[in-house]
Amino acid sequence: MGFLEGILYMLWRGIAIGVIISAPMGPVGILCIQRTLAKGRRTGFYTGVGAAISDLFYCLLTGFGLSFIEEFLERNQNVIQIIGSVVLIGFAVYLFRSNPSRSIKKPGESDGSPKRDIINGFLFTVSNPLIIFLIIGLFARFNFLLPEIQLGHYIVGFICIIAGALGWWWMVTFFVDKVRSHFNLRSMWLINKIIGSVIAIFGIVGIITAVSGMVNAATRQTLYLNSVRGFGGDGHANGTGLMIDGNDADPQYELELTGTDFTFDFRARNLHNDAAARYDTGHGKVRNPGWAVSICSPHDTVAIRFRTIDDFRDDLGPKALTVKATRGDSLCFSAGLRDNLDWGTGWNAYSVVLKEGKLQLLGGERRLHPIFDIDAAGFVPSSISISADPGALVEADWMELTQAPKMNAEMGYVADPDVMHSYIQRSEDDLEGVWEIWERSLDEDQLTMGGKYRLLIADNGSYYEIIYLDGASKYPGHWTPGKLKAVMKPTSFRNVFDVTWYDAAGNEVDTEIKAQYLDPSLITIQFPYLQSSLQLRKVMTNL
């Protein structure tokens, strides 16, 4: 990438990131509007300047790879969010009780302390470091951090970020100031009440979501690996990516998978992929050696192979990055890709996604594009690895592995047939026992039935666990006896329960679900927002 091309590349991306970071009308946006109405446009704009400086500060932290800060925030984000929410609520109470007649000024009039307004805006924004996650997402979305970008390009990019943020606050205060004359003292008093209430709602919602995040912290597990943080036992933390040499004794890097579904994002390039060059394998020389991503299970392996071809005689040629996917001995996908991907020694981003029996690959030099979507029903992975063929030298970096944990029920041991029969015989609770699906009414577009499940309902002391026994047909490999299918929690109404329902990946079905026990041997489970229902009939009782 040339110097001028790099400047143009960073120019609009920096402005777009600056605007998007500032645009959400969060607490600082509301404060900026309130100060513009109460004290004039200049005060409001200076508040926005402080917020823009705070945003630039976090952009610089992200851009210069201080991943330990990201790791600290990731580990403590719920506590930080609670602290920030309490600060918001305190400010909201102050604003709600403030008297606008003491601070209201004429248009254009300032309180003579722009430094204080900037500092206030900065402190108000910097107190919420969770914005770094938005910045990480934006940097990834706009491919802002690329190995080929030079320092001068980054300087231009960061200047454009703050320019975009300042431009946004200039427009906001301009339009608010234009309608300012329509507000009298009573209107300002009412606006303070409204804005104070809105900021308090932000704070309350923040506390609720943070507490909820603590409760559900184990729903997904994310592993970050990069040239700053290192790559586990390989110890590569020297500012370079993970080097996988095809001529080594063990030319691969492997990560363990503990759940069923996962997403694996990474960047990679084959340094031994120059046009017309030949590379030593120890047994001769080859052109364009390949590399692979392999997802292994105890029974078979899905291999995704990458190799550049430069041969007009090849069916996928004359020049392309070939991608082939196999499951065992079966070829699932084969194509020569000429668009969106670098087929030389440059970096490409990839995302491997296994979800609900479908395996997807996305990739691209600048942004992710779909490459294939193949059937992987019944595939339960145990590991994923990146490997290099003889002669290849693959550099991998910026890995992110996200997977849902295995949903083992606390009472899962009861699923053992010998334990189950004894447990049910001793039980005096009519709900406990083995149940099976008797009738169902499903909207197939929103909720599909994975089989005629047999389920065990057991009381763990505070709620009932619905535990899978057998009968899965859609994703049989995802379900093992003892896995948690649902949770039933009692409500204030007799024999009515709130239900949390889990899919094959261990993810919660995001909708309100109710269950009603109809004595002596029928349970109706309603999914009202999905226009579906199930009826369970008891087939093994405690009598």
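Helix axes here are lines fitted to C-alpha atoms over the stretch in contact, and angles run from 0 to 180 degrees between N-to-C directions. Helices (H or I, at least four residues) and strands (E, at least two) are DSSP runs, numbered from the N terminus.

Colleagues, this is a predicted model, in which local features need pLDDT of at least 70 and side-chain atom pairs count only at pLDDT 80 or more, while totals for chains, interfaces and linings use all residues. Residues are numbered from 1 along each chain as its sequence is written, and side-chain values use heavy atoms, with hydrogens and water left out.

I begin with helix 3. Helix 3 (residues 41–63) packs against helix 5 (residues 114–126) at about 45°, the axes being 7 Å apart.

How does helix 3 meet helix 7? The axes of helix 3 and helix 7 (residues 151–178) come within 9 Å and cross at roughly 155°, so the two helices are roughly antiparallel. Helix 3 also passes helix 7 in a right-handed crossing. The contact includes Phe 45 and Leu 56 from helix 3, with Trp 169 and Trp 170 from helix 7.

A cavity is a set of points on a 1 Å grid over the protein atoms alone where a 1.4 Å probe fits but cannot get out, and its lining residues have an atom within 4 Å of a point. Two cavities of 30 Å³ or more are found in the whole structure. The largest cavity holds about 100 Å³, a volume being the space filled by probe spheres set on the points, which are joined across faces, edges and corners. Its lining has 16 residues, with Asn 270, Asn 273, Trp 291, Leu 321 and Gly 344 nearest the centre.

Notes. 1 Å grid on protein atoms, 1.4 Å probe; cavity = no way out; pocket = protein on both sides within 12 Å on 5 of 7 lines; lining within 4 Å. Parallel < 35°, antiparallel > 145°, perpendicular 65-115°, else oblique. Left-handed = near helix turned anticlockwise from the far one by under 90°. Contact = heavy atoms within 4.5 Å.
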